[in-house]
Amino acid sequence: MTFKDKTAVLFDLDGTIIESAPGILASAQYALEKLGYEMDEGALRAFIGPPLEKCFSEVCGLPEEEVNQAITLYREKYFAGEQYNCLVYPGIGELLARLWAAGRKVLLATSKGEGTAREILAHFGLDRYFSTIAGRTPERESKAEIIQYALDSAGVSVDEAVMVGDRKFDVEAAKAIHLPCIGVLYGYGSREELEAAGAAALAETGTLAGLLGLAQPTAVYLVRHCQPDVSVHEDPIRPLTPKGKADALKVTARLWDEGIDTIYSSGYLRAVDTIRDFADKKGLAMQDDPDFREREMGGVWLPMEEWLAANQRQWADFDYSPCGETLRQVESRIRPALDRLLAKHVGGRVAVAGHGTAFSVLLHSFDENFGHDAADAINKRNPWIVQLLFQDGVFASYKELL
C-alpha cells in the first residue's frame, strides 16, 4: 500500500517530526513538583500528544481546581526554553524537503499551541516546507477540528490527503473525518496502540518515504572502526583494544533503528569487529569487499612525526606517497566500490565498516574541499559514523551520526 496519489500530507509534530520528550517531561515534572506531586518518567510520557488539560486531569489525576494552575506552571517552565529541548527525527527534514520539492502540499496538524508549533519549526528551519501550520487555539481545541482546519486552509479535500502521526489520538482524530492515517513506529505510540486505533498503515524507520510514494533514497552508513591496537603493525590483522571492543556496542546502539538491511566491510579485523555485534544481533551477513580497505602502506611503519608530515603532503598532492598507495590510487578503487554498491542496493540502507583515510578520500570525491583538516579530524575519532544519502544515484546529503 502506498499513498502516492495523495496531493497533501498532514503531519503531527510531537513524536512524528520532533522528539520532544525532554522538554515536555521536564516541564510536566516541574509543574507537578510545584504542586507537591510526584510521578515517574514512564508515567509522564503520557503527556506527549494529548492536550495538557487531559494529561493533568486524567493521567495525573489532579483535582479540577488544580488543573489550570498546573498548566500555568508547565507553561512557565516550557516557555523558558524547554520548547527547544527537542530533536528532529533522523531523515524527517529530508523527507519534508522532498515532499515539498515534488509539489505535494505539506501541512501540520498538532495539539500543541499554534504559535509554539510555528516557533519550533522555524527554530529547526522546517517551516519553509509547510503551506499550512495548524495548532490548538481557543477556536479549535480537538485534534479532529485542527486537522479539518488545516485541510480547509490549504483547500484540500479529505480524499486528497493522508495524515501521519505517532499516537492513537492522531489516528482516531483522522478517522473521525474519514481521513486515512499512517502510524509511525519511531515515535511515542506502540504498534499495538496504532493497530488498535485503526491506522491505515504503519511506517518503520526509513519506510515512510516509500509509503508516501517517494522513490526511496539509498542510504550508506560509513562506519570507521573503533580504537585499534597499534602495537600490531600488520594492517589486515590489527585487532581492537579492550576499549575498542566496548565501544563497538555504541556502534550497535547508534545503528539499531536506522533500518540497515545490508553490511559490507573491508575485511580488516578491526573493521569487522567494530560492526560484528550489530550484524550478529540483527542477523545480517557481513560481506567483505577489499576495495574498501585502508590505504596500503606497503608494509612500512613510519614514526609518528614522519607520518604526520607525509600525511599533510599527500593531501596536498594526491599523486604523492611516502610509501604504498597514493590517495589517487585509493580513490580509484574505493569510489568504484561505492558505485557498485549503489547500483546493487537501490533504495537500500547499507552499512560499510572501514577506515579513516579511505573514507576521507571517498568523501573528497564528492566534495573537493574535504581535505587534510577534515580527514585529520576523522582520524582522531574511533568510532565515527556518517550517513550518506543518494537519490537516483546522485549524492544528496551528508550527516554525522557518531
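This is a predicted model: local features need pLDDT of at least 70, side-chain atom pairs count only at pLDDT 80 or more; totals for chains, interfaces and linings use all residues.
Strand β6 spans residues 161-165 and is mostly covered, with 5 of its 5 residues buried. In a regular strand, side chains alternate between the two faces of the sheet. Both faces of β6 are covered. Ala161, Met163 and Gly165 are buried on one side. Val162 and Val164 are buried on the other.

β6 pairs with β1 and with β7. Strand β1 (residues 8-11) runs parallel to β6, and 4 bridges join the two. Among these pairings, phenylalanine 11 has valine 164 of β6 as its bridge partner. Strand β7 (residues 181-184) also runs parallel to β6, through 3 bridges. Here glycine 165 is partnered by glycine 183 in β7.

Helix α15 covers residues 356-366 and is likewise mostly covered. Of its 11 residues, 9 are buried. The buried residues are Gly356, Thr357, Ala358, Phe359, Ser360, Val361, Leu362, Leu363 and His364.

Helices α11 (residues 242-255) and α12 (residues 269-282) pack against each other. Their axes lie 8 Å apart, at an angle of about 45°. The crossing of α11 past α12 is right-handed. On the α11 side, the contact involves Ala248, Leu249, Val251, Thr252 and Leu255. These meet Asp273, Thr274, Ile275, Asp277, Phe278 and Lys281 of α12. By class, the residues of this contact comprise 6 nonpolar, 2 polar and 3 charged.

Technical notes
Residues are numbered from 1 along each chain as its sequence is written. Side-chain values use heavy atoms; hydrogens and water are left out. Axes are lines fitted to C-alpha atoms, for helices over the stretch in contact, and angles run from 0 to 180 degrees between N-to-C directions. A crossing is left-handed if the near helix is turned anticlockwise from the far one by less than a right angle, and right-handed if clockwise. Contact means heavy atoms within 4.5 Å. Ala, Val, Leu, Ile, Met, Phe, Trp, Tyr, Cys and Pro count as nonpolar, Asp, Glu, Lys and Arg as charged, and the others, Gly among them, as polar. Buried means under 20% relative accessible area, exposed over 50%, partly exposed in between (1.4 Å probe, protein chains only). Two strands pair if DSSP finds at least two bridges between them.
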